[in-house]
Amino acid sequence: MLQIASDYFALTGTGLYFLLLILCLSAIWYYCYGIYAAIQFFSHQTQTDPDFHPPITILKPICGLDIDTYENFASFCQQDYPEYQIIFGVRDEHDPSVQIVKKIIDDFPEIDIRLVISDRTIGTNLKVSNLVNAQAEAKYSLLLLADSDVRVGPDYLRRVIQPMRDPAVGVVTCLYRPQVRGWVAILEAVGISTEYHATVLVARSLEGMNFALGPTIAIRKSTLEAIGGFGAIADYLADDFQLGYLSAQAGYKVVLSDYVIDHAIATESFIDLIDRQTRWNCCTRVSRPWGYLGLIFTHGTAISLLFLIATLGSVFGWVVVGLTWSMRLIMAWVVGVRSLKDPIARKFLWLVPLRDLISFVLWCYSFVGDTFEWRGRRLKLTKGGKLVEITDNLAKVLSS
């Protein structure tokens, strides 16, 4: 009996050894492909046609203040573009962002800027309700959705809209560089530039763009109508993902622009980082469960450490760790520093292993929960990524 038990544990240990080794090799392949995907994407810059400048309506849903809110808003009013309008949508007339918008309107009288204040709600995601309310004032057939915490250069509209020269393109979206204050925000920014954007570029290269990224989404009004309007995404947490996904399902092309915008990250505490990352992870898990599970093949930093422990600190274990971490850091440099030209990634590249370990722990944690806090509301994610607000009555039902 003791011999059987000994053989069982030896077999189990061998199986774990090879499983971890396979995962490490898969991660190394992923890092190599991430390097290729980034170089391939940024080596072909979109040519700008100076005669292509259709009128655009910019929709900006706002709630509260971000880092440098005035400067962010003002950057959209300084576009080298002949005809566009900006519509800000907010729910509460007492929201602190309202005064900033009014100052923007006063400071840029030559720009068609409108402020829509309305608490009309069409779904659980209040950001989408702001978009719907703002769209009622839209004059043009090209819409550009831009978050309140992004800042852009004067060539932003002219460059982002270029893929729309192809009538088959229904959606254009952008990568972004994090702008931060504080060490926790730096930790989050390193993950965005060197980890998240790598997955975006790999996904684009392998299967094409069938999703969009929230900070900037340009969409034709006809495309939006074809997928059911904003009402089709009003109950989803990942409204940006759904805009791209539904458009791709409807037969429209989704294009990733080579224009990189600046995105303010206002994470102030480690708890905020955990909450935000958990919210994103849970959303990805319920929206694309197999894709989320497949992320295990990208967590080479943590898996290689587990492999080192499984091999009891062997020389081979250290070789695998060294090779895995080296390829991870090279991919981080190519994506974050060389491609995105992110100064935060350049200065804090040494934080990548720590950020990877945190990401792995949060990836594991996100398998056990589907409720979270968001802007003072308690929400539950249902199958498919829809949101349900947890009221006192619902909380009693869930706990019974």
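Mentor: Start with a term: a nonpolar core is a set of buried Ala, Val, Leu, Ile, Met, Phe, Trp, Tyr and Cys residues joined through side-chain atoms within 4.5 Å. Buried means under 20% relative accessible area, exposed means over 50%, and partly exposed is in between, with a 1.4 Å probe and protein chains only. This is a predicted model, where local features need pLDDT of at least 70, side-chain atom pairs count only at pLDDT 80 or more, and totals for chains, interfaces and linings use all residues. Residues are numbered from 1 along each chain as its sequence is written, and side-chain values use heavy atoms, with hydrogens and water left out.

Trainee: OK, how many residues does the largest nonpolar core have?
Mentor: The largest nonpolar core has 55 residues. Those with the most contacts inside it are Leu59, Leu145, Leu175, Leu201, Phe230, Leu243 and Leu256.

Trainee: And which helix gives the most to this core?
Mentor: Helix α1, residues 2-42, with nine residues. Helices (H or I, at least four residues) and strands (E, at least two) are DSSP runs, numbered from the N terminus.

Trainee: What about the other core, what does that one include?
Mentor: The second core is separate and has 54 residues, including Phe52, Val152, Ile186 and Leu349. In soluble globular proteins, nonpolar side chains tend to be buried together.

Trainee: Back to Phe230. What does Phe230 touch?
Mentor: Leaving out residues up to four places away in sequence, Phe230 touches Leu59, Ile122, Val128, Leu131, Val132, Gln135, Leu145 and Leu224. Contact here means heavy atoms within 4.5 Å.

Trainee: New topic: holes. How many cavities of 30 Å³ or more are there in the whole structure?
Mentor: A search of the whole structure finds one. On a 1 Å grid over the protein atoms alone, a cavity is a set of points where a 1.4 Å probe fits but cannot get out, while a pocket is an open set with protein on both sides within 12 Å along at least five of seven lines; lining residues have an atom within 4 Å of a point. The largest cavity has a volume of about 60 Å³. Grid points are joined across faces, edges and corners, and a volume is the space filled by probe spheres set on the points.

Trainee: What lines the largest cavity?
Mentor: The lining is Pro61, Lys127, Leu131, Leu145, Ala146, Asp147, Gly214, Ile217, Asp239, Asp240 and Leu243. The elements giving two or more residues are α4 (126-135), β4 (142-146) and α8 (239-249), and α8 has the largest share with three residues. By class, the lining has six nonpolar, one polar and four charged residues. In that count Ala, Val, Leu, Ile, Met, Phe, Trp, Tyr, Cys and Pro are nonpolar, Asp, Glu, Lys and Arg are charged, and the others, Gly among them, are polar.

Trainee: And the second largest pocket, what volume does it have?
Mentor: About 250 Å³. Its lining residues include Phe42, Arg159, Arg177, Tyr259 and Lys341. Strand β8 gives the most to that lining, with three residues. By class, the second largest pocket is lined by four nonpolar, three polar and five charged residues.

Trainee: Helices next. How many residues has α9?
Mentor: Helix α9, residues 270-287, has 18 residues and reaches 26 Å from its first C-alpha to its last, close to the 26 Å expected at 1.5 Å a residue. The expected span is 1.5 Å times one less than the number of residues. Among the buried residues in α9 are Leu273, Cys282, Cys283 and Val286.

Trainee: Now Leu357. Where does Leu357 lie?
Mentor: In helix α14, residues 352-365. Leu357 touches Thr301, Ala302 and Leu305, not counting residues up to four places away in sequence. The C-alpha atoms of Leu357 and Ala302 are separated by 5.7 Å, although the two are 55 residues apart along the chain.

Trainee: Why is Leu357 called partly exposed?
Mentor: Because its relative accessible area is 30%.

Trainee: Last one: what is the phi of Leu312?
Mentor: Leu312 has a positive phi of about 55° although it is not a glycine. Most residues other than glycine have a negative phi, and most peptide bonds are trans. Leu312 lies in the loop between α11 and α12, and it counts as exposed because its relative accessibility is 79%.

Trainee: Where is Asp68 found?
Mentor: Asp68 is in the loop between β1 (56-61) and α2 (69-76). Phi of Asp68 is near 55°, also a positive value in a residue other than glycine. Asp68 counts as partly exposed because its relative accessibility is 30%.
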